[in-house]
Amino acid sequence: MIDQIKNQTARSDVHGGLAVSLPAWAYTSDELIDIEYENLILPSWQFVCHISEVAKPGDYATLDLKRDSILVMRGKDKVLRAFMNVCRHRAAKLLDGSGHCKARVTCPYHGWSYDLNGELKGVPAEKTFPGIEKEQLGLKPVEMEILAGMVFTRVVPGGPSLRESFGDMADVIAGYNLEEMVPGGPVWIDSWNCNWKIAVDNNLENYHVPIGHPGLNRMLDSDLTGVINQHGVAYSKSVLKGIPSANRAERMYQHLAKDALRDLPADVRKTWTFFSMAPNIGLDIYPDSFDIFQILPMGGETCVMRYPIYVRPAKDQGASRELKAMQYLNARINRQVGAEDRELCERVQLGMGSHGYEPGPLSNYEHAVVDFHDRIRAACPVVNEVRAPAAGTLRRRNDALRETSRSAA
């Protein structure tokens, strides 16, 4: 079924019949970031944690977005729930990172406390709040869904479910038993000096791999095209080459992959599988591990990279040494890939400020970029303007264009 999904070729603009990128100003505007955050990030599924990190009652994990923080916590009834990570009294953030709460979540400001189900239970000096209705002041719930052990939340509800978004691709993911994996270390978080869309554009195409990632090109035969479904979930595969890489770490990984993890099918043992989900999620699945590449908007020319890694635990002592060696080599190889991607994205950001730059044509290899740009144009129609609206008018202009679009529909 996956191979039958057609590449989307919808074009919002043309350059000799080819799609073109968004205007340069859309990659530098601080005003646009706020609109994109509201219209694209908040209504989309965002990764929080793996189920192994919230396995016991009281376990919790948080996700910090641009202006919002999400809390996922397992209750005493063993049910996993998601809430806005903010006290209902005076808006203090409740918890940071991940960890364990014994019985209650207590606000660090005035001590309001909530049970593990999110219900308000304790209010210091409660008599000074005459008529308070604690049952109405529980933590605000957030939409949550789990796919293959991955916990996602969505602040603004509505739209397709997570399972519906992935469609048949969810069946591909299911074959890797991701729910069995465990954290490979703390979540890596870094700031890049580029607009979030530049990093997403980079993550959505393999066209740059032969030049931008020489290591990957040495060890993998990469599908440069891939496929994408109607919900903006894209998929491609890269297969380990039979010819050993000239690089020692890459060569060792190729060698180990042939014999380690014999409980996995042979084709899985030699395949790296890459997924992306609009608007800002990348999912990279390897035989030995998987990672989430979550690109979060911050400013017009900055974004935050959130990069958790999960590893396959060894099922027997004999396989442990080889598996750990693969995971070590994988991390070493992909650290280099991450550094290359950062340099490439920051180079693009520098170019966006050039007076000589005009958006160029996009290859058919970049069809997922076309899809992403069309989603940006639909949610934020102001980006169809060739030049940026005057400072302070962008939101008003965008609202007017959205209203015109709704009226026309």
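## Overall architecture

The chain contains 11 helices and 20 strands, where helices (H or I, at least four residues) and strands (E, at least two) are DSSP runs, numbered from the N terminus. The model is predicted: local features need pLDDT of at least 70, side-chain atom pairs count only at pLDDT 80 or more, and totals for chains, interfaces and linings use all residues. Residues are numbered from 1 along each chain as its sequence is written, and side-chain values use heavy atoms, with hydrogens and water left out.

For 409 residues, a compact globule would have a radius of gyration near 22 Å, and the 23 Å of the chain agrees with this. The radius is taken over C-alpha atoms, and the globule rule is 2.2 Å times the number of residues to the power 0.38. Along the principal axes, the C-alpha atoms fill a box of roughly 75 × 65 × 35 Å.

## Burial, contacts and charge

Of the 409 residues, 49% count as buried; buried means under 20% relative accessible area, exposed over 50%, and partly exposed in between (1.4 Å probe, protein chains only). The chain exposes about 19300 Å², of which carbon and sulfur atoms supply 52%. These areas come from the Shrake-Rupley method with a 1.4 Å probe, and for residues only the protein chains shown count as cover.

Among contacts in the chain with a separation of 6 or more, 65% are accounted for by residues 24 or more positions apart, contact meaning heavy atoms within 4.5 Å. The chain has 47 positive and 51 negative charges, and their mean positions are 5 Å apart. In this count Lys and Arg are positive and Asp and Glu negative, while His and the chain ends are not counted; each charge is placed at NZ of Lys, CZ of Arg, CG of Asp or CD of Glu.

Strand 3 (residues 69-74) runs antiparallel to strand 4 and is joined to it by 5 bridges; two strands pair if DSSP finds at least two bridges between them. Within this pairing, Ile70 stands opposite Met84 of strand 4. Strand 4 (residues 80-84) has 4 of its 5 residues buried, so it is largely enclosed by the rest of the structure.

The hairpin has 5 residues between the strands, and Lys78 takes a positive phi near 75° there. Val79 also lies in the loop between strand 3 and strand 4. With a relative accessible area of 39%, Val79 is partly exposed. Apart from neighbours within four places in sequence, Val79 is in contact with Met73 and Arg74. Val79 and Gln349 are separated by 270 residues in sequence and by 44 Å from C-alpha to C-alpha.

## Strand 18 and its partners

Strand 18 (residues 289-299) has 10 of its 11 residues buried, so it is largely enclosed by the rest of the structure. Strand 17 (residues 281-285) pairs with strand 18 in the antiparallel sense over 5 bridges, and the two form a hairpin with 3 residues between them. Ile285 has Phe290 of strand 18 as its bridge partner.

Strand 19 (residues 302-307) also pairs with strand 18 in the antiparallel sense, over 5 bridges. These two strands form a hairpin with 2 residues between them, and Leu296 stands opposite Val304 of strand 19. Strand 20 (residues 309-311) runs antiparallel to strand 18 and is joined to it by 3 bridges; the bridge partner of Asp291 in strand 20 is Ile309.

Asp201 is found in helix 4 (residues 196-203) and counts as buried at 13% relative accessibility. Beyond residues up to four places away in sequence, Asp201 touches Tyr27, Val369, Phe372 and His373. Ser21, in the segment before helix 1 (30-41), counts as buried at 14% relative accessibility.

Glu322 is placed in helix 9 (residues 317-352) and is partly exposed, with a relative accessible area of 32%. Leaving out residues up to four places away in sequence, Glu322 touches Leu256, Asp259 and Ala260. The C-alpha atoms of Glu322 and Ala257 are separated by 9.0 Å, although these residues are 65 apart along the chain.
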